[in-house]
Amino acid sequence: MASEPGTQSRVMFQTKEEEPAQRKLGKLTVKYNRKDLQRRLDIEEWIDGQLHLLYDCEEEEIPELEIDIDELLELTDEDQRSRLHELLQECGKPKEDFINGLLYRMKGLRKMSGSLKK
């Protein structure tokens, strides 16, 4: 079984230079718990929807308002409630349901490192 010169098979080896880059990417995503991140995202989306209802307007018309979940997590329960009242002072609608809902959803959340904040 002599092989013809044009039909020789090739053997290719992977270089080890490609492997470390793939491994480094995997290590970066393990640092934060995916469930915690998803829960935080769900809370932020809920806040956004509730603010639309509270202010009864489109996103562009909502007053400049930033509810920082990490800031709230550093406060006591009573201070969280007063901070939210302070942030929502321009809202004419009743805000107790929103505040109670947010505080309930925040239970069990942990403060994240500053590098993950927006």
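1. What share of the contacts in the protein with a separation of 6 or more is accounted for by residues 24 or more positions apart? The share is 65%. Contact here means heavy atoms within 4.5 Å.

2. A word on the basis of this note. This is a predicted model, in which local features need pLDDT of at least 70, side-chain atom pairs count only at pLDDT 80 or more, and totals for chains, interfaces and linings use all residues. Residues are numbered from 1 along each chain as its sequence is written, and side-chain values use heavy atoms, with hydrogens and water left out.

3. Confidence comes next. The pLDDT is the predictor's confidence in each residue, from 0 to 100. The protein averages 77, and 65% of the residues score at least 70. Over residues 114-118 the pLDDT is below 50. Beyond near neighbours in sequence, that stretch has six contacts in the model. Among the elements, helix 1 (residues 18-30) has the lowest mean pLDDT, 51. Helix 5 (residues 96-106) has the highest, 94.

4. The secondary structure is five helices and zero strands. Along the sequence, the pattern reads α-α-α-α-α. Helices (H or I, at least four residues) and strands (E, at least two) are DSSP runs, numbered from the N terminus.

5. Of the 118 residues, 24% count as buried. Buried means under 20% relative accessible area, exposed means over 50%, and partly exposed lies in between (1.4 Å probe, protein chains only).

6. Look at helix 5. Its buried residues are Phe98, Ile99, Gly101, Leu102, Leu103 and Met106. Their cover includes helix 2, helix 3 (69-73) and helix 4. After helix 5 comes glycine 108, with a positive phi near 90°.

7. Now pair helix 2 (residues 34-55) with helix 5. Their axes come within 11 Å and cross at roughly 175°. Axes are lines fitted to C-alpha atoms, for helices over the stretch in contact, and angles run from 0 to 180 degrees between N-to-C directions. Helix 2 and helix 5 are therefore roughly antiparallel. The cut-offs are these: under 35 degrees is roughly parallel, over 145 roughly antiparallel, 65 to 115 roughly perpendicular, and the rest oblique.

8. Which residues of helix 2 and helix 5 meet? Arg39, Ile43, Trp46, Ile47, Gln50, Leu51 and Leu54 of helix 2 meet Phe98, Gly101, Leu102, Arg105 and Met106 of helix 5. By class, this contact has eight nonpolar, two polar and two charged residues. Ala, Val, Leu, Ile, Met, Phe, Trp, Tyr, Cys and Pro count as nonpolar; Asp, Glu, Lys and Arg as charged; the others, Gly among them, as polar.

9. Helix 4 (residues 77-87) also meets helix 5. Their axes come within 10 Å and cross at roughly 135°. Helix 4 and helix 5 are therefore oblique to each other. Gln80, Arg81, Leu84 and His85 in helix 4 touch Glu96, Ile99, Asn100, Leu102, Leu103 and Met106 in helix 5. Those residues divide into five nonpolar, three polar and two charged.

10. Finally, take leucine 84, which sits in helix 4. Is leucine 84 buried or exposed? Leucine 84 counts as buried, because its relative accessibility is 0%. Leaving aside neighbours within four places in sequence, leucine 84 contacts Ile67, Leu72, Ile99, Leu102 and Leu103. Leucine 72 is twelve residues from leucine 84 along the chain, and their C-alpha atoms are separated by 8.6 Å.
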